Amino acid sequence: MYDLIVVGGGPAGLAAALAAWDNGLRSILVVERDRELGGILNQCIHNGFGLTYFKEELTGPEYAHRFVELLRGTGIEIRTDTMVLDVTPDLMVHMTGPASGYRVEAARSVILAMGCRERARGAIGTPGSRPAGVLTAGAAQRYVNVEGYMPGKRVVILGSGDIGLIMARRMSLEGAKVLACVEVMPYSGGLTRNIVQCLEDFGIPLYLSHTVTDIRGRDRVEQVVVSRVDQNRRPIPGTEMVFDCDTLLLSVGLIPENELTKNAGIELDPRTKGAVVYENMETSLPGVFTCGNVTHVHDLVDFVTQESQRAGAAAAEYVRSGEPAGESVSLRNGDAVSYTVPQRVRPGSIDKSVNVFFRVNRICGRSEIVVTAGDRRLAAFKRDRLAPGEMEHITLPGKLLQGITGEITVSVKEALE
């Protein structure tokens, strides 16, 4: 029996396993379905990683390599090219791979770190024919950066998520002509730095409140039609623009890879599509923790690392001491807030403080983040600007939460100009 089995060998799983090792666990297994560790970072060859955690600018493979090297200095067991099929409520982990065959391993604790996946065309119902040349931005990134193939020469990008913005730059650098980036919302879904560095610096137009309303082509994409949408995101007749292109890249959102989570009977949050977690990243199933993009989609891998280290340390504590005691308090999203992570906190188990991550559901100017419990105002944090594409976090001192029962609400109050 293992003290800990970590499902996923990307940045979340590696950081969690190392934190568990540093906190005393010595029987740890990391299971990764790809042939090598590193996860999605292996295809993210652009820089911009590590500014928060390592205080220097790294590429994705460089960031992953640092954790892989740290892992080599431990006794953590690694199984690559191995797919986890099921995690049962009694913490039996079913897995299969060409080297080991079908195995069932028992664990005292489990960390789920499977990451996320992209929404594809079928999830958004884009009309038109079904020719070649329509693919997700992440698939295009792998083709270009790992496999060495160019997906196309004249490109339109639907959605302004970070992967789509980064691929606009990457395709331009490889000689393609990126005609437009089209976003159905009235604001971009990506980081401001990516809008500047990946679109504006290359003269690529960003059409907000627009969407693709037709895809034309028989064997290969020949044209896409882009229309303006109204406030209800319905296309407005007479606003069509036609782009002659051979490729349409989709950057229309990421979803936590939560099939294992769901099959284990773990409670899911309909807002994040990931597991409901406590302040230590434990799920509703005792001994099972989640971290990284399988819990909620992050914009910076540095935050994934910090969250995963918290999960790894908590798993080690669980193996040593069992389930934390004390009643929990629910966190609720108030005005302008889409979700909070964690969704529950146990005030009696918080030592110094708890970090609360959240996203807003609209662009807010100068604002105040207000934390309340009933009629009691617990804390407030000022921000000059908040945007849905950028995850926010606040730190609540543990002493503020002592004695609270029921619910805590996180809201954004925009200042009146």
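These legends describe close-up views of a predicted model.

The model is predicted, so local features need pLDDT of at least 70 and side-chain atom pairs count only at pLDDT 80 or more, while totals for chains, interfaces and linings use all residues. Residues are numbered from 1 along each chain as its sequence is written, and side-chain values use heavy atoms, with hydrogens and water left out.

**View 1. The second largest pocket holds about 390 Å³ of space.**
A pocket is an open set of points on a 1 Å grid over the protein atoms alone, where a 1.4 Å probe fits and protein lies on both sides within 12 Å along at least five of seven lines. Its volume is the space filled by probe spheres set on the points, which are joined across faces, edges and corners. Lining residues have an atom within 4 Å of a point. Here 18 residues line the pocket. Glu279, Asn280, Arg310, Ala314 and Ser349 lie nearest its centre. Helix H8 (301-321) and strand S24 (353-360) each give two or more residues to the lining. The largest share, 6 residues, comes from H8. Helices (H or I, at least four residues) and strands (E, at least two) are DSSP runs, numbered from the N terminus. By class, the lining has 7 nonpolar, 6 polar and 5 charged residues. Nonpolar covers Ala, Val, Leu, Ile, Met, Phe, Trp, Tyr, Cys and Pro; charged covers Asp, Glu, Lys and Arg; the others, Gly among them, are polar.

**View 2. Met83, Leu85, Tyr102 and Val104 make a nonpolar surface patch of about 360 Å².**
Strand S6 (83-87) and strand S8 (101-106) each give two or more residues to the patch. Patch residues have over 30% relative accessible area and no salt bridge, and nonpolar side chains (Val, Leu, Ile, Met, Phe, Trp, Tyr) are joined within 5 Å. Areas come from the Shrake-Rupley method with a 1.4 Å probe; for residues, only the protein chains shown count as cover. Val104 sits in strand S8. Its relative accessibility is 38%, so Val104 counts as partly exposed. Buried means under 20% relative accessible area, exposed over 50%, and partly exposed in between (1.4 Å probe, protein chains only).

**View 3. Arg108 and Asp3 meet in a salt bridge (2.9 Å, N to O).**
Arg108 lies in the loop between S8 and strand S9 (110-112), and Asp3 in the segment before strand S1 (4-7), so the pair ties together parts 105 residues apart in sequence. Asp3 is buried at 15% relative accessible area. Arg108 is partly exposed at 39%. A salt bridge puts a side-chain nitrogen of Lys or Arg within 4 Å of a carboxyl oxygen of Asp or Glu. The structure holds 25 of them.

**View 4. Glu257 forms a salt bridge with Arg117, with the closest N and O atoms 3.0 Å apart.**
Glu257 is in the loop between strand S19 (254-256) and helix H7 (259-263), Arg117 in strand S10 (residues 116-118), and the two are 140 residues apart. Glu257 is buried, with a relative accessible area of 16%. Arg117 is partly exposed, at 30%.

**View 5. A salt bridge joins the side chains of Arg332 and Glu407 (3.5 Å, N to O).**
Arg332 belongs to strand S21 (residues 329-333) and Glu407 to strand S28 (residues 407-414), so the pair ties together parts 75 residues apart in sequence. Arg332 is partly exposed at 39% relative accessible area. Glu407 is partly exposed at 41%.

Note on methods:
Patch = residues over 30% accessible without salt bridge, like charges linked within 9 Å, V, L, I, M, F, W, Y side chains within 5 Å.
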